[in-house]
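Visitor: I have this model open on my screen. Can you walk me through it?

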Amino acid sequence: MAKLVFGLNQSLDGYVDHQAMLPDTGLFRHFIEQVRGVSGMLYGRRMYEVMRYWDDDLPGWDAEERDYAAAWRSRPKWVVSRSLKSVGPNATLVEGDLAAAVSGLKARQDGEIEVAGPELAGNLTEFGLIDEYRIYLRPIVLGRGKPFFAGPRAPLRLIASDRLGENTIRLTYVPA
């Protein structure tokens with residue numbers, strides 16, 4: 001059975017915004033290795049559309065960006081959406097009953113499935129399907145945006161903390 005892990009960069013005031021919090025070199029290397037190690041990724045529509053950036057090679061990319069893109073493309077992706085009619089390469093559209101679909105996905109897969117998107121994670125939290133939360137705490141105050149926790153917050157228990165890159169602390173929680 002797979003483990004669902006929700007992890008995103010978070011500002012000090014609790015918001016997520018991928019454009020405002022670009023990773024430093026050390027953190028980006030961590031993300032490359034993390035993507036290489038997951039069984040796949042589960043996205044909401046908006047986050048999937050953001051991540052589709054990695055589908056095409058861009059001429060200005062450095063070696064690390066090409067490594068990330070290759071790792072990302074190699075992993076299966078499941079996209080939860082009511083509005084999309086199709087998805088890109090190595091991706092499957094998830095439709096219908098979200099709790100049943102994701103429970104079935106967890107049962108069929110092994111390893112770790114990364115969950116990306118605070119709204120999707122909020123729904124999955126409500127269903128009790130998130131197994132682990134990873135907050136990549138960044139020294140930025142955004143003052144706006146989407147909160148990391150969108151919706152009800154499960155009681156959590158801290159199981160690990162570590163420093164990544166120059167300015168990031170990863171806090172790892174499991175439901176209490």
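Predicted model: local features only at pLDDT ≥ 70, side-chain atom pairs only at ≥ 80, totals over all residues.

**Salt bridges, loops and spaces**

Visitor: What does glutamate 119 count as, going by relative accessibility?
Guide: Glutamate 119 counts as partly exposed, because its relative accessibility is 37%. Buried means under 20% relative accessible area, exposed over 50%, and partly exposed in between, with a 1.4 Å probe and protein chains only.

Visitor: OK. Which side chain does glutamate 119 meet in a salt bridge?
Guide: Arginine 46, at 2.7 Å from N to O. A salt bridge here is a side-chain nitrogen of Lys or Arg within 4 Å of a carboxyl oxygen of Asp or Glu. Arginine 46 is partly exposed, at 43%.

Visitor: Which parts does the pair of arginine 46 and glutamate 119 tie together?
Guide: Arginine 46 lies in helix α2 and glutamate 119 in helix α5 (residues 118-126), so the pair ties together parts 73 residues apart in sequence. Helices (H or I, at least four residues) and strands (E, at least two) are DSSP runs, numbered from the N terminus.

Visitor: What does arginine 45 form a salt bridge with?
Guide: Glutamate 49, with the closest N and O atoms 2.9 Å apart. Both residues lie in helix α2 (residues 45-51), four residues apart, about one turn of the helix. Arginine 45 is partly exposed at 26%, and glutamate 49 is partly exposed at 41%.

Visitor: How many salt bridges does the structure hold?
Guide: The structure holds 14. One of them joins lysine 3 and glutamate 132, at 3.1 Å from N to O. Lysine 3 is in strand β1 (residues 3-10) and glutamate 132 in strand β7 (residues 132-137), 129 residues apart.

Visitor: Is glutamate 132 buried or exposed?
Guide: Glutamate 132 counts as buried, because its relative accessibility is 6%. Lysine 3 is partly exposed at 30%. Both belong to a network of salt bridges that links Lys3, Glu112, Glu132 and Arg134.

Visitor: New topic. What's up with the phi of asparagine 90?
Guide: Phi is near 60 degrees, a positive value in a residue other than glycine. Most residues other than glycine have a negative phi. Asparagine 90 sits in the loop between β4 (77-80) and β5 (91-94).

Visitor: What is the volume of the largest pocket?
Guide: About 1400 Å³. On a 1 Å grid over the protein atoms alone, a pocket is an open set of points with protein on both sides within 12 Å along at least five of seven lines; a cavity is a set where a 1.4 Å probe fits but cannot get out; lining residues have an atom within 4 Å of a point. Grid points are joined across faces, edges and corners, and a volume is the space filled by probe spheres set on the points.

Visitor: How many residues line the largest pocket?
Guide: The lining has 48 residues, and Leu8, Met47, Val50, Ala116 and Gly117 lie nearest the centre. Helix α2 gives the most, with five residues. By class, the lining has 24 nonpolar, twelve polar and twelve charged residues. Ala, Val, Leu, Ile, Met, Phe, Trp, Tyr, Cys and Pro count as nonpolar, Asp, Glu, Lys and Arg as charged, and the others, Gly among them, as polar.

Visitor: And how many cavities of 30 Å³ or more?
Guide: One. The largest cavity has a volume of about 40 Å³. Residues lining it include Phe6, Pro118, Phe148 and Phe149. Helix α5 supplies the largest share of that lining, four residues. The lining has seven nonpolar, two polar and no charged residues.

Visitor: Last one. Which residue has a side chain in polar contact with threonine 168?
Guide: Arginine 138, at 3.1 Å. A polar contact is a pair of N or O atoms within 3.5 Å; within protein, one must be able to donate a hydrogen and the other to accept it, and residues adjacent in sequence count only if both atoms are side-chain atoms. Threonine 168 is found in strand β10 (residues 168-175) and is buried, at 0%.

Methods: Residues numbered from 1 in each chain as written. Heavy atoms only, no water.
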